[in-house]
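Here is a short briefing to read alongside the model. Please keep the sequence at hand as you go.

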Amino acid sequence: MKKFTIKTILFCTLLPTVSFAQMFQKVWYDGNSRAMFYRDALTGDLKDSDTTSTRSEGEGYTAIDLGMHFTPNEEIEIFSEIRVKNDFGYMWGAGAYVDLRRLSIKGVLNNRVSFNIGDMYLKQTDFTLNNFNQELSKYEPNVFQAYKDLIDYENFYMNNYWRMQGLQSNFSYTFYNSIESVEADLFASRVRGVQWLGEPELLMLGGTSIIKLENNISIGVNYVNSFEVQSSSLDTATYYNPVTNLQLKYKKRAGGLKYFLSIDFGGSSRGWNKNNGGADFETSGGFLRGKTKVVAKNFNSTLGFKYISPEFRSAGAQTRRVNFMSVPSSYAYYTNNTILRPVSMMDIITDPNIYNHRLSTSLMQYNILYSAVLPYGEATPNRVGGDMVFNYKNNNSSLLASADIAYFQEVIGQGTTQRRSLVSSGLSLKANIDKLIGFDNKTQLELSIISEGVTRGGDEIESISFNSSLVSAGLSYELFENLKIIGGTKSFTGSGNEVGVQRDEYDQIIGFELLDFNSKENIMLIGLQYNFTKDIYFSLQTNKIDFDDKTSETEKLSLNRIYFMFNMNL
Amino acid sequence: MKKITYLLILTTMCFFSCEKEEIEGPSLNDLFGQLSIIEDFRVVGDSASFTNGSVYFTAEFSKIVDWKITITGLSSGGKKIIAGKSNKINAANSMWDGEVSYLPFFVNESCAVRLTFDAHPDTINDFLIITEAKTYGNGSEVIIADFEAGWNPNFGEFFNSGMVRKIESPGAGQGTRYMVQESAPNGCPWDWLIGYVDYYFDYWLQPTTLNADPDNVYFNIMIHGDSTLSPDNVPNSLFKIEFYEDENQDGFWSQNNEDMLFHEFLVDWNGWKMISIKYSDLEISGAALNGGSGNKIREPNKLTKVRTLLLADPYDQADLNSCSGFAKADVDYIVWSEGSPILDQ
């Protein structure tokens with residue numbers, strides 16, 4: 001009877017709540033928030049020798065991104081996100097900004113075709129449209145999460161999607177014959193607007209269609225075309241770059257294992273249409289990639305091969321995140337000669353302002369030191385080779401291990417008939433020690449190493465021997481519930497010689513630069529992190545940063561940093 | 001599935017086995033490699049007769065390089081420069097027909113030949129002998145004056161007091177004699193004009209009526225400058241050439257109703273230089289009472305006189321700092337050519 005009474009009371013209490021929740025709500029809000037502060041202090045030799053830089057510098061801000069969702073009916077949602085930001089050190093509106101951060105309209109037509117207008121996130125394949133990860137980010141320990149979250153959020157990086165503006169629509173049909181379903185996704189995006197007396201408007205059109213067959217085979221067709229609009233500028237030539245990627249996928253389950261096979265192939269062309277007809281610098285390239293993947297309960301393994309021709313160009317897949325031509329936030333100019341400090345590992349890991357948000361129509365500059373093997377991601381041109389990835393986790397996921405190795409060669413040599421051989425490898429181990437040894441306080445240890453090597457034969461000028469490695473470690477120990485002490489390090493070394501390329505505006509190689517490397521960089525951190533939830537936390541840490549390029553008299557920097565961040569992502 | 005894996009491995013091996021000999025970008029060896037001479041530098045036809053022959057050079061290098069061959073006449077001082085970018089020098093890129101790059105003209109003489117390279121200190125020397133120097137012109141040229149016979153007293157002249165006009169030798173641009181024109185050391189204090197010479201048609205060395213097509217007639221004059229600069233760093237010598245057309249063919253030029261055309265330029269170089277201008281590119285005088293009231297049609301066949309003037313900025317005698325200084329423009333080999341500038345023939 002007692003149980004019945006309780007159930008009756010609960011039913012009567014909860015029913016209106018549930019019913020209310022089912023009612024259509026026209027406006028609702030969400031939002032993200034961040035408070036960040038850092039202060040750097042010069043240490044090391046530079047502290048004494050550099051008399052023009054300040055002894056310490058720093059900045060911080062509070063930002064709230066208020067999202068408003070307006071749903072006039074069940075089929076349409078209008079979303080806007082307003083950023084209110086206030087830099088530390090200002091009052092009464094000075095240093096405060098109100099910006100529109102995102103604006104989009106989403107909807108569904110006849111419950112069949114969905115559409116999105118305004119800001120949107122787009123991704124296709126590794127060869128057509130893909131925002132590949134920045135260098136030095138593989139196997140990064142979780143203790144660096146505060147920096148990673150800041151970089152990703154401020155630069156609109158969501159997985160490997162590019163954030164663009166335009167129109168997107170998709171729909172799918174399900175059949176009951178040999179074709180199971182057909183999906184289609186189309187978009188039109190404006191990458192660069194009209195500039196008065198400047199570059200022409202840059203648009204990108206694309207589409208994906210996936211046909212799933214009943215025998216576990218699927219066929220995908222991906223196409224993007226980025227092109228400049230001739231009539232929107234006084235320029236005499238306008239860029240075009242269509243890329244096509246066909247995909248075949250097959251999956252099979254046998255003997256308790258799942259097998260996946262995928263083959264990608266396609267091509268690109270790129271050139272500049274001239275006003276008076278014809279095209280300049282037109283190049284065509286192609287690619288082929290095959291992958292097999294085996295998935296078991298405790299491990300999965302991938303074996304792949306790929307060939308990318310030297311002429312393959314894809315603005316959507318080869319645009320880099322890190323812009324090495326940018327000015328870093330911390331100690332941008334240093335030494336008594338006030339020289340511009342080059343972007344280094346410290347900036348790649350901690351500075352959101354050196355990152356790029358827009359597709360580039362030419363191959364962006366990169367630093368061989370940090371990215372020698374695949375500087376333009378999976379779609380890096382002039383590569384042929386294979387790779388293998390292996391992931392393992394034990395039964396209770398207390399131990400996770402990953403290993404990968406890749407070997408590539410250039411398809412044709414740069415400046416010589418000798419071709420580079422490029423090797424990259426990585427090893428990562430993540431141990432949830434509390435689970436492993438039955439410890440009460442959550443304790444996690446992460447260790448990883450990634451390395452790259454480049455060799456090339458030939459005479460004294462042609463030969464290359466370059467090696468780099470990044471060793472990372474992270475340890476977190478839960479002092480009290482949700483409060484943990486964190487410590488970590490990243491140590492990078494790069495040494496040897498390489499040959500950098502100089503390209504003109506049409507990506508033609510016009511010269512080379514003989515480079516010598518002997519560089520060592522470290523970041524160490526220790527601090528406290530309190531997690532309200534996985535994505536709501538604050539982190540207070542101190543960092544020790546060292547950068548020493550032994551081939552240069554000037555390129556040395558040592559800093560001590562205090563860093564605080566409150567992060568709230570809903 | 002195993003078969004597919006094997007297939008992948010096989011495909012990989014196939015691609016690795018593909019050898020491509022082409023390269024991307026310029027050759028590293030050309031940019032950074034050491035320069036060595038694979039085949040010695042050689043003059044082919046070292047006793048050169050340029051009346052109907054030519055000379056070329058051969059050599060081979062270990063890399064593509066910017067090279068320059070300088071041929072200097074040991075008597076005349078004339079210079080010819082042949083330049084290229086390649087790893088081979090041969091007839092295709094070094095043929096020399098005896099023409100000159102820097103005046104004076106070559107004569108029958110011995111020449112020093114020097115091969116040099118950009119960004120490399122290596123220098124290779126050789127020599128050749130010109131047995132018959134090149135003669136310029138295509139047979140249609142009309143020589144006004146070459147001063148080889150000295151000053152022609154039938155030419156008109158006016159030079160301000162203290163200014164110099166004389167015939168000098170050696171150091172001519174062509175032949176052995178040339179005409180010196182220069183100011184006093186501090187210029188001419190009271191006038192822009194240093195002096196002028198009138199070359200009347202009747203007293204030209206070859207008083208031949210010119211072709212009537214102004215697009216086909218070129219005036220050529222050798223001028224030796226010394227690039228003296230005024231106090232405000234402007235070349236101090238201004239050279240003006242005037243062309244007088246006797247439109248009604250009455251034997252006189254009337255300043256009120258016949259054309260005067262002109263061309264003027266600063267003499268901002270050292271040494272001899274050939275100035276060539278097409279008749280149709282000459283400006284017509286805008287002064288109504290000084291050659292600006294003619295029919296405005298360029299008619300080289302009606303030319304009655306050519307006048308060359310040397311001018312310089314005068315100075316204030318009360319302020320010697322205003323002095324524009326010395327002015328000089330020596331003259332040699334004044335000649336008309338048909339079809340192209342004389343040096344291109």
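Chain A has a mean pLDDT of 91, with 96% of its residues at 70 or more; pLDDT is the predictor's confidence in each residue, from 0 to 100. This is a predicted model, in which local features need pLDDT of at least 70 and side-chain atom pairs count only at pLDDT 80 or more, while totals for chains, interfaces and linings use all residues. Residues are numbered from 1 along each chain as its sequence is written, and chains are lettered from A and ligands numbered from 1 in the order in which they are written.

**Confidence in chain A**
- Where pLDDT is low, the predicted coordinates should not be read in detail.

**Domains of chain B**
- An automatic or database domain assignment gives domain 1 (28-132) and domain 2 (142-344) in chain B.
- Taken over C-alpha atoms, the centres of domain 1 and domain 2 of chain B are 35 Å apart.
- Domain 1 of chain B brings 5 residues to the contact and domain 2 of chain B brings 9.

**The sheet in chain B**
- An open, antiparallel sheet of 6 strands runs in the order β9-β12-β18-β14-β15-β17 in chain B (strands are DSSP runs of E, at least two residues, numbered from the N terminus, and two strands pair if DSSP finds at least two bridges between them).
- At the edges, β9 (156-159) and β17 (283-284) of chain B each pair on one side only.
- Strands β14 (residues 238-245) and β18 (residues 303-311) of chain B pair in the antiparallel sense over 8 bridges.
- F243(B) stands opposite V306(B) in β18(B).

Notes
Helix = DSSP H or I, 4+ residues; strand = E, 2+ residues; numbered from the N terminus. Contact = placed C-beta atoms within 7 Å.
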